[in-house]
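This report describes a protein model through its chain arrangement, its sheets and its helix packing. Please consult the sequence and structure shown below while reading.

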Protein chains: 2
Amino acid sequence: MVVIVGGGFGGLAAARALKRSPVQVILIDRSNHHLFQPLLYQVATSVLAPGQIASPIRSILRNSQNTTVILGNVTGVDAKARNVVVENEDRTGVAVSYDYLILATGVQHSYFGHPEFEKYAPGLKSLADAVTIRNRILRAFEVAEAEEDPSRHQELLTFVLVGAGPTGVEMASAIAVMVRSTLKKEFRRIDPTSARIVLVDLGTRPLGTFSPDLSRAAQQRLSDLGVDVRLGEGVELIDEQGVTVGGERILGKTVIWTAGVAPSPAAKWLGTETDRAGRVRVKSDLTVANHPEVFVVGDTASVDQDGKPLPGVAQVAMQQGRYAGNLIRRRVVGKPLSGPFRYFDKGNLAVVGKGFAVLEAGKFRVSGFAAWLVWVAVHLQFLAQSSLRVSVFVQWTWTYVTGQRGSRLIVKHHCD
Amino acid sequence: MVVIVGGGFGGLAAARALKRSPVQVILIDRSNHHLFQPLLYQVATSVLAPGQIASPIRSILRNSQNTTVILGNVTGVDAKARNVVVENEDRTGVAVSYDYLILATGVQHSYFGHPEFEKYAPGLKSLADAVTIRNRILRAFEVAEAEEDPSRHQELLTFVLVGAGPTGVEMASAIAVMVRSTLKKEFRRIDPTSARIVLVDLGTRPLGTFSPDLSRAAQQRLSDLGVDVRLGEGVELIDEQGVTVGGERILGKTVIWTAGVAPSPAAKWLGTETDRAGRVRVKSDLTVANHPEVFVVGDTASVDQDGKPLPGVAQVAMQQGRYAGNLIRRRVVGKPLSGPFRYFDKGNLAVVGKGFAVLEAGKFRVSGFAAWLVWVAVHLQFLAQSSLRVSVFVQWTWTYVTGQRGSRLIVKHHCD
């Protein structure tokens with residue numbers, strides 16, 4: 001019995017690699033859907049609907065007859081007894097036994113020791129987060145339109161994004177595009193294009209993981225879109241009225257956190273060695289010390305290659321998941337073991353507004369419309385189901401041509 | 001200044017009728033979107049995404065230069081001072097003055113004196129309701145799949161729908177179709193087709209507003225789909241374990257309320273005469289007694305025609321909204337007044353499962369596939385925006401051919 005915890009890029013790749021193996025597989029996730037996280041910012045900015053970037057995990061794996069998908073929350077691992085503890089709303093503390101375990105449990109937000117920021121500055125990791133942020137962004141314009149006193153409009157229409165990594169850059173530019181295209185003609189008392197969009201980062205350049213010339217291109221593009229990029233300054237305070245950055249107070253009702261992540265509690269469950277960020281240190285075959293039957297893959301695993309830690313991106317998770325699945329299959333059927341895991345970097349992409357992206361692959365770097373076309377093609381290709389590819393492609397074409405968005409809803413959800 | 005409260009079928013029709021009038025219009029709604037309620041059950045059963053049946057009201061009215069759309073909750077009307085009181089999260093109790101007022105505030109659920117049922121049996125009126133019901137239906141199958149004890153599966157897979165009007169019939173048949181097409185091959189421990197679907201009503205036939213032969217056709221079709229239709233019995237109790245109907249206990253974790261509605265508090269705001277259901281009694285020109293400047297339209301208005309009260313359906317609301325808008329326009333430009341409001345009934349439709357509907361128009365009645373094609377055409381036609389028409393048509397075709405649904409997500413939303 002192989003138990004996979006997590007149905008993200010890593011867990012799903014592992015399950016797929018085990019499809020034709022003579023083993024039973026149980027995949028456990030606390031969501032019923034695999035989420036295509038790289039497009040989550042497009043749900044938060046109303047372009048795509050939640051259902052366009054998420055597919056039911058059991059639907060993706062419906063032809064894997066050896067695989068059972070379970071909705072449940074894993075709360076612990078007993079590596080000695082070889083079982084994981086699963087809860088759902090019907091039952092608590094059910095032990096599920098394994099012969100092999102793959103932990104692909106990802107990351108969550110981190111507010112760097114300031115959990116009190118979360119209430120005012122939601123992060124973006126799940127569909128529920130994206131819908132919360134979508135509600136807040138759209139509601140800001142609605143509240144401003146309802147306000148008859150123009151002196152309050154600027155504060156209501158100030159958006160602060162904390163963190164200038166890919167998500168912060170993509171979201172800031174998407175909001176800038178939205179006010180110019182979608183919202184422009186629909187308000188009577190406010191001018192949506194007067195919205196102030198501030199992107200804050202402690203580092204000295206946006207997209208810090210890209211090469212400096214691409215950061216410069218992105219920064220120029222952000223300026224062209226009217227985004228106020230503030231670098232080298234940390235956020236000291238976030239409250240109901242706004243943000244304090246480098247001693248200066250920015251009044252703004254809508255703050256979004258895209259700055260930091262912390263690994264899942266996998267290391268705590270295993271009681272194993274971690275890196276400084278808290279990710280599980282794994283061996284070159286992605287197993288945990290003294291537990292050749294326990295694999296950790298994706299964002300919650302820490303492994304170095306050529307002296308540098310691998311980044312927490314979808315590509316790494318997918319390749320690691322596939323490697324772990326294949327390794328288990330080989331062990332089960334008694335074939336010789338393969339070599340250590342090695343990441344092959346196909347390149348990195350980030351989009352900055354409409355028709356503009358930066359692309360870096362090895363020594364090859366390009367920014368602009370051509371990079372954006374590559375971005376479109378790559379993201380369509382990696383969507384989990386062909387029906388989503390068609391639906392997202394049609395929506396993007398429609399939005400590109402008309403400026404209209406697909407899912408511009410404010411919904412005050414019941415919480416249950 | 002014309003103030004319209006409500007952006008449903010009635011309010012939107014009124015705003016459209018006033019588009020080219022020499023008056024300023026303010027439309028106030030507590031949602032940012034116009035919702036196509038007749039398709040709400042398709043969101044609850046995962047076929048369509050919320051964004052496919054809802055459009056931002058300000059987007060629909062963006063070319064009506066005389067119209068300002070405000071997101072806010074109307075909490076009262078001062079008919080003497082001629083203003084309405086509006087709240088939003090930023091401000092409370094703002095008075096908005098009017099020369100003419102159109103109240104199109106619709107209905108809400110009613111549990112007939114049993115508010116304690118709501119917790120266990122959610123109703124279906126808003127997108128948030130539909131997402132809650134979708135979560136519960138999908139979660140029932142997930143909890144059953146996670147349950148290793150087969151003796152508990154039947155209870156977990158029992159769905160009880162209270163109320164056999166169009167919504168109850170459409171939802172029950174949609175769940176029956178879903179277990180047979182979409183879910184069939186995706187579970188390993190349970191057989192989704194073993195789900196028990198019970199449709200309960202106090203009346204003696206389903207679709208009681210249709211003619212008896214169409215009710216019989218619908219009932220036959222429901223039986224063919226495996227739905228257990230229980231008529232002439234009232235619901236005595238709903239709790240966490242299930243439902244008590246006509247003295248019998250039905251154990252079932254998932255209960256959905258489609259039985260009753262109550263009008264909005266418009267009558268209370270106006271302090272005016274109501275019918276027995278609490279709807280505002282209006283004159284033949286849809287105005288309120290002693291207030292020729294106040295109109296009430298749609299589900300919250302009570303008006304008789306040929307000795308019978310008009311039903312609470314979208315068609316009536318649309319025709320009334322248009323009438324009120326036109327009447328105000330005529331008064332403003334000083335043209336002679338038109339005659340009293342008269343409803344033209346274009347016919348009624350209800351769908352029962354895949355490729356089957358009942359259709360009644362005057363003395364013409366038909367059930368089956370042809371009626372279903374009419375249902376498809378009519379519902380596509382009345383969607384508010386052409387982009388939604390395309391998107392819903394494509395989704396329906398896809399679902400019809402493959403059995404796959406468009407938005408089968410369980411999302412535990414944040415409530416804020």
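The model is predicted. Chain A can be superposed on chain B with an RMSD of 0.0 Å by a turn of 180° and a shift of 0.0 Å along the axis. That is the relation of a two-fold axis. Within chain A, A:Cys415 has the C-alpha nearest the axis, at 2.6 Å from it. The same surface serves both copies, since 100% of the contact residues of chain A recur in chain B.

## The six-strand sheet of chain A

Chain A contains an open sheet of six strands with mixed pairing, in the order S5-S2-S1-S9-S21-S20. Its edge strands, each pairing on one side only, are S5 (67-71) and S20 (287-288). S20(A) and strand S21 (residues 291-296) of chain A run antiparallel and are joined by two bridges. The bridge partner of A:Thr287 in S21(A) is A:Phe295.

Helix H1 (residues 9-17) of chain A packs on this sheet and touches strands S1 (2-5), S2 (25-29) and S9 (100-103) of chain A. The direction of H1(A) makes about 155° with that of S1(A).

## Helix H1 and its surroundings

The axes of H1(A) and helix H9 (residues 314-333) of chain A come within 7 Å and cross at roughly 30°. H1(A) and H9(A) are therefore roughly parallel to each other, and their crossing is right-handed. On the H1(A) side the contact is made by A:Phe9, A:Gly10, A:Ala13, A:Ala14 and A:Ala17. The residues contributed by H9(A) include A:Ala314, A:Met318, A:Gly321 and A:Arg329.

In chain B, eight of the nine residues of helix H1 (residues 9-17) are buried, so this helix is largely enclosed by the rest of the structure. Among the buried residues of H1(B) are B:Phe9, B:Leu12 and B:Ala17. The elements covering the buried residues of H1(B) include strand S3 (33-35), helix H3 (57-60) and helix H9 (314-333) of chain B.

## The four-strand sheet of chain A

A further open sheet in chain A has four strands in the order S13-S12-S11-S17, with parallel pairing. Strands S13 (227-231) and S17 (254-257) of chain A form its edges, each pairing on one side only. Neighbouring strands of this sheet are turned by 20° against each other on average, direction ignored. Strand S11 (residues 158-162) of chain A pairs with S17(A) over four bridges, and A:Leu161 stands opposite A:Ile256 in S17(A).

Helix H4 (residues 127-146) of chain A lies across S11 and S17 of chain A, running at about 155° to S17(A). Helix H6 (residues 166-180) of chain A touches S11, S12 (196-201), S13 and S17 of chain A, and its direction makes about 170° with that of S12(A).

## Helices H4 and H6 of chain B

In chain B, helices H4 (residues 127-146) and H6 (residues 166-180) pack at an angle of about 35°, with their axes 13 Å apart. The crossing of H4(B) with H6(B) is right-handed. B:Ile133, B:Ile137, B:Leu138 and B:Phe141 of H4(B) meet B:Met171, B:Ile175, B:Met178 and B:Val179 of H6(B).

## Residue A:Ala54

A:Ala54 belongs to strand S4 (residues 54-56) of chain A. A:Ala54 counts as buried because its relative accessibility is 4%, where the cut-off for buried is under 20%. Beyond its neighbours within four places in sequence, A:Ala54 is in contact with A:His33, A:His34, A:Leu35, A:Leu127, A:Leu388 and, from the other chain, B:Leu409. A:Ala54 and A:Ala384 are 330 residues apart in sequence and 8.0 Å apart in space, C-alpha to C-alpha.

Notes:
Residues numbered from 1 in each chain as written. Chains lettered and ligands numbered in written order. Predicted model: local features only at pLDDT ≥ 70, side-chain atom pairs only at ≥ 80, totals over all residues. Heavy atoms only, no water. Buried < 20%, exposed > 50% of the residue type's maximum accessible area, 1.4 Å probe, protein only. Contact = heavy atoms within 4.5 Å. Least-squares fit on C-alpha atoms with pLDDT ≥ 70 in both. Pairing = 2+ DSSP bridges. Axes fitted to C-alpha atoms, helices over the stretch in contact; angles between N-to-C directions. Parallel < 35°, antiparallel > 145°, perpendicular 65-115°, else oblique. Left-handed = near helix turned anticlockwise from the far one by under 90°.
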